[in-house]
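Visitor: Hi, I'm new to this one. Could you put it up so we can go through it together?
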Amino acid sequence: MISVSRLVKHYGPHVAVDDVSFRVEKGQVVGFLGPNGAGKSTTLRILSGFLGMTSGKVEICGHDIQNESIEARSKVGYMPEAVPLYPEMRVAEYLTFRAELKGVARARRRAQVDDAMDKASVFDVANTLIGNLSKGYRQRVGIADALVANPPLLILDEPTAGLDPNQIRQVRELIAGLAAEHTVLLSTHILSEVEQSCDRVILIAKGKLLAEGTTAEIQKMRRTAALEVIVRGDAQVALRALRAIQGIAKVNEQAAKDDVATLRAVWAKKLPDADIQSTIETAVGALVAAGLRVREVKTVGSSLEDVFAELTREDEDAEAS
Amino acid sequence: MSGLWPVFKRELFAFFVTPLAWVQIFVFCLVQGMHFYLLIDHFSAQTEVAGDQTPLQTFFGNTVLLYLVLFLLIPPMTMRLFAEERRTGTIETLMTAPVSTPAVVLGKYLAALTVYIVMWAPTVVYLVILRRTGVVDWHVAAASYLGVLLVGAGYLSIGTLMSAITRSQFLALLGTAFVLLVLFILGVGEFVTAAGTTLHDVCAHVSVWAQMNDFASGIVDTRRLVYDATLILLPLFVTVRTVDAWRWG
């Protein structure tokens, strides 16, 4: 559905996208994951035909985005990050306009607008002025707009940004429902979001492609990073006890109040995943043996930033050697 | 030209759903009404009226009032066209739809032109009033309206371009007013410079005032038509290129 090869985009001297290549196959839900400023939006804007590229080649359903721009654009339902809408129009009016603009034949227009409003659950605001809609509804009108011409490919830029948890859940369910009929490429900077909604993940940072794989493969990179314990007793004793354990790289004190301390023990980089459980047991045993009262034990997952830090470090290591 | 019709309809909708178009039409009708009243008042005191100095000819030609109204009303008609879409970001959804750039530019331009025509439409009543009390030369009337249409179309085209080259509606408004004023002042140069010089010829060629005087006398000169066509097509062409150039910014 999407084929991107050696895509480069410069904004003046700034390189926003640097030699990115990937493919998206039919029927997949692909997450485009990266921290803020990674070049996600720029890439999606190029794929949707809004921006030109400095060099490289992009094909949408076999149509070159530069030479056959209109054909390529007609295959894509694109929702920009800010979900720009005309505030002076009513929802149904807007979607009818968009359907006509996207070349939906007059006879089918009404049915497709109704269908899109139904899928995106915006039927109850069909006659509301867009300017009066809440953020959650605006987001769904944006999705309805992307859907209205029933394109084979949906490109959604941060579809859950700025929504409350309840709305995020609704939008995720909506996207999961769309996956049956459409290929979806969505961008996000939240790792858990990709784990919940996507089959495949493309990781991008600082304009460069870091990794590409199934969600399970990416999840492996996200093993627990550290152990957090809350103990009562002498913090120095606890620190010594934890530092003595093999498999723990470093320990530091996160917080202390009276005689209760929160400690964080970071796993050694070489510690195999399988040994994490036994190391936790050893750590708790050592703390108890040292005469401390253990109040709470939990593992701390690595954030997206940690995964990226890890991946970029591996890159640098590879380049150095 | 896919997308021209829906863009045209939406733009027209945006004109009339906001108070802007109504305020403009109201102001225009008010000013032209006063203009016409003063003319009629003036002519009713005359015992004899020359054949080339009828109320109709004075209304369209020989007057500065017409241009003052246009300088005030044309810039706000076109300032929104592209600047607004770029400011709010809706240009992104518009240009990622399968539409061609010339269709978008033309759709927006034609919507502004339609509002301009709607604005002039009530003035036809003046012809009816004149007809009831005297003789109306319908050829002169037709030529005059053609002149008004062509001048307005050229001005709106310049305004469309100004709206495309800035994100700020206010700058688009000022830019349009400035260019229109410069064109007008160049035209006035016809009366200032000595006849026979190149400058005089250039000024005479671009003079909208002289053009309206001609059209209001029933003279439709091909040179004027060519100039008007240039004034309409050139800015629109540059607008299309400007909108395409955003992709590479």
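Visitor: In chain B, what share of the contacts with a separation of 6 or more comes from residues 24 or more positions apart?
Guide: That share is 78% in chain B. Two residues are in contact if their C-beta atoms, placed from the backbone, lie within 7 Å. This is a predicted model, where local features need pLDDT of at least 70, side-chain atom pairs count only at pLDDT 80 or more, and totals for chains, interfaces and linings use all residues. Residues are numbered from 1 along each chain as its sequence is written, while chains are lettered from A and ligands numbered from 1 in the order in which they are written.

Visitor: How many helices and strands does chain B have?
Guide: Chain B has 13 helices and 0 strands. Those are DSSP runs numbered from the N terminus: H or I of at least four residues for helices, E of at least two for strands.

Visitor: New topic: how many residues of chain B are in contact with chain A?
Guide: 20 residues of chain B are, and they meet 21 residues of chain A. On the chain B side, α1 (4–17) and α6 (90–96) each supply at least two residues.

Visitor: How many of its residues are buried?
Guide: 38% of the 249 residues of chain B count as buried, meaning 20 or more other C-beta atoms lie within 10 Å of the residue's own, with C-beta atoms placed from the backbone.

Technical notes:
Buried ≥ 20, exposed ≤ 12 C-beta atoms within 10 Å, placed from the backbone.
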